[in-house]
Amino acid sequence: MPRFIHVAAAQMGPVAKAETRTQVVRRLIELMREAKSRGAELVVFPEMALTTFFPRWLIEDQTELDAYYECEMPSHETAPLFEESRRLGIGFYLGYAELVREGGTKRRFNTSILVDRNGVIVGKYRKVHLPGHADPQPGREHQHLEKRYFESGDTGFPVWRCFGGVLGMCLCNDRRWPETYRVMGLQAVEMVLLGYNTPFTHTGHADIDGLTSFHNHLSMQAGAYQNATWVVGAAKCGVEEGSSMLGQSVIVAPSGEIAAMALTLGDEVITARADLAMGQRYRETIFDFARHREPGSYRLIIDRKGAVPPPEKDETVFE
Ligand code: ING
């Protein structure tokens, strides 16, 4: 039996460094209203939706850096978004920089929350895969210092029963790692929500950076298909403080097909009528994990962080 959810991805154009939380929340509310007007019950906002993507700079002043984080959620500035969610009866995913004080120390995470139709937070995720570097790299016009400004997340990859199905979350670079989807796939996830901020000049290798758009959809379509789940990816994009970032937000079906895609580099809502039960037939055939997976043969993957050295001539790497 189909189980439909009308889902939206709310892509955002650039957020300027000077834009206040109040100004950004106004944009988010406009996007939420448009999603609702198009029948959506759930809307996905981007990663770090409340601020400019500040890891592109080396920021050494602690007060300047702390101003990019949320110390409470909702706060006075973000509360109107929760109130609008409740008024309209629409849930949302929101990415933001989180600062918590635990045991007298400041802990910083790249975080997303899942909020239900009553404006109540039902789940929190903290980004596991932090790309880039902890220290500034020479010769880069824009840095990528997430490893400097965030800890790797301590939530793992949970899923939640809500919106009539099983939903999970991840953030940006997480979508490039098959483990992200598989951990949720093993929990029978039916829809993975994610936001991203993806600059076109991440690696500095023109041939690789030239494939940024292809690799974006490849990652989400593969993750969706190989785990029989919907994937909703919402970009913050356009030229943000001089850094050109990818748009092409998408809603991907468990078949791996793109059900909807954004066509601009600005604030844009895309929607799809997603049958959360669509993945079931994939899980009963091609991706019946219980019948087809062989974890006993995967232990190299489970045990290792980095790759094993390549084999010498005629040597077998792993028996
Ligand atoms: N951004 C980028 C992402 O994973 C990146 C980093 C860009 C990695 C391009 C590889 C290629 O989409 C974040 N914030 O993770």
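Start by selecting Ile-208, which is found in helix 6 (helices are DSSP runs of H or I with at least four residues, strands are E runs of at least two, and both are numbered from the N terminus). Before you move on: this is a predicted model, where local features need pLDDT of at least 70, side-chain atom pairs count only at pLDDT 80 or more, and totals for chains, interfaces and linings use all residues. Residues are numbered from 1 along each chain as its sequence is written, and side-chain values use heavy atoms, with hydrogens and water left out.

Back to Ile-208: its relative accessibility is 38%, so it counts as partly exposed (buried is under 20% relative accessible area, exposed over 50%, partly exposed in between, with a 1.4 Å probe and protein chains only). Leaving aside neighbours within four places in sequence, Ile-208 is in contact with Thr-203 and His-215 (contact means heavy atoms within 4.5 Å).

**Next stop: helix 7**

Select residues 212-226. Which residues of helix 7 are buried? Colour Thr-212, Asn-216, His-217, Ser-219, Met-220, Gly-223 and Ala-224. They cover an arc of only 150° around the axis, so they sit on the same side of helix 7 (the arc is that of the directions from the helix axis to the C-beta atoms). Their cover includes helix 5 (178-185), strand 8 (191-197) and helix 6 (206-209). Just after helix 7, click Ala-228, which takes a positive phi of about 50°.

**Over to strand 3**

Glu-98 is found in strand 3 (residues 91-102). Glu-98 is buried, with a relative accessible area of 3%. Show side chains, and you'll find Glu-98 in a polar contact with Arg-126 at 2.9 Å (a pair of N or O atoms within 3.5 Å; within protein, one must be able to donate a hydrogen and the other to accept it, and residues adjacent in sequence count only if both atoms are side-chain atoms).

**Last stop: the ligand**

Select the ligand: 13 residues surround it, the closest being Glu-146, Cys-172, Asn-173, Asn-197 and Thr-198 (near means a heavy atom within 4 Å). A polar side-chain atom of Lys-127 lies 3.0 Å from a ligand oxygen atom.
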